[in-house]
Amino acid sequence: MVGLGRLNRAQRPCERAANTHLASDLNSKQMAGGRVAHATLKGPSVVKEIFIGLTLGLIAGGMWKMHHWNEQRKTRSFYDMLDKGQISVVVEE
């Protein structure tokens, strides 16, 4: 009898299919969740973190600048009204 090592692939018995079947039986019996795709935890994405930080910084800076423009407008209108005589800082008696 000739050993399996000397037979070419077409002449060999279907040993790969038998091994695969046996392995799938073991996996299905031993690991119930073996085929479920689990989320893998990855490290932080540097580009994404830079983009998020830059965006949040620009938004916060824009809001801060708008606040200062509003305060500047209030101050300018106060001094304009003071120059026109519409208001006074002296208490009337």
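Colleague: Before we start, what do buried, exposed and partly exposed mean here?
Modeller: Buried means under 20% relative accessible area, exposed means over 50%, and partly exposed is in between. Keep in mind that this is a predicted model.

Colleague: Which residue does E71 form a salt bridge with?
Modeller: With K74. The closest N and O atoms of the two are 3.8 Å apart.

Colleague: And K74, how accessible is that one?
Modeller: K74 has 42% relative accessibility, so K74 counts as partly exposed.

Colleague: Where do K74 and E71 lie?
Modeller: Both are in helix α2. They are three residues apart, about one turn of the helix.

Colleague: Why does that spacing matter for direction?
Modeller: An α-helix has 3.6 residues a turn, so residues three or four places apart point the same way.

Colleague: How many salt bridges does a search of the whole structure find?
Modeller: One.

Colleague: Let's zoom out. How many helices and strands does the protein chain have?
Modeller: Two helices and zero strands.

Colleague: How far does α2 reach?
Modeller: From its first C-alpha to its last, α2 reaches 56 Å. With 39 residues, that is close to the 57 Å expected at 1.5 Å a residue.

Colleague: What comes just after α2?
Modeller: G85, which takes a positive phi of about 85°.

Colleague: What share of the chain is buried?
Modeller: Buried residues make up 0% of the 93 residues. The accessible surface of the protein chain is about 9300 Å². Carbon and sulfur atoms hold 61% of that surface.

Colleague: Switching to rings. How many aromatic pairs are there?
Modeller: The count is one aromatic pair. The rings belong to F78 and Y79, with centres 5.2 Å apart and planes at 70°, so the pair is edge-to-face.

Colleague: How accessible are F78 and Y79?
Modeller: F78 is partly exposed, with a relative accessible area of 33%. Y79 is partly exposed too, at 48% relative accessibility.

Colleague: Which residues make the nonpolar surface patch?
Modeller: F78, Y79, V89 and V90. The patch is about 410 Å².

Colleague: Where is V89, and is it buried or exposed?
Modeller: V89 sits in the segment after α2. At 60% relative accessibility, V89 counts as exposed.

Methods:
Residues numbered from 1 in each chain as written. Predicted model: local features only at pLDDT ≥ 70, side-chain atom pairs only at ≥ 80, totals over all residues. Heavy atoms only, no water. Patch = residues over 30% accessible without salt bridge, like charges linked within 9 Å, V, L, I, M, F, W, Y side chains within 5 Å. Areas by Shrake-Rupley, 256 points an atom, 1.4 Å probe, with all protein chains shown as cover. Salt bridge = Lys/Arg side-chain N within 4 Å of Asp/Glu carboxyl O. Helix = DSSP H or I, 4+ residues; strand = E, 2+ residues; numbered from the N terminus. Buried < 20%, exposed > 50% of the residue type's maximum accessible area, 1.4 Å probe, protein only. Expected span 1.5 Å × (residues − 1). Phe/Tyr/Trp six-rings, centres within 6.5 Å; stacked < 30°, edge-to-face > 60°.
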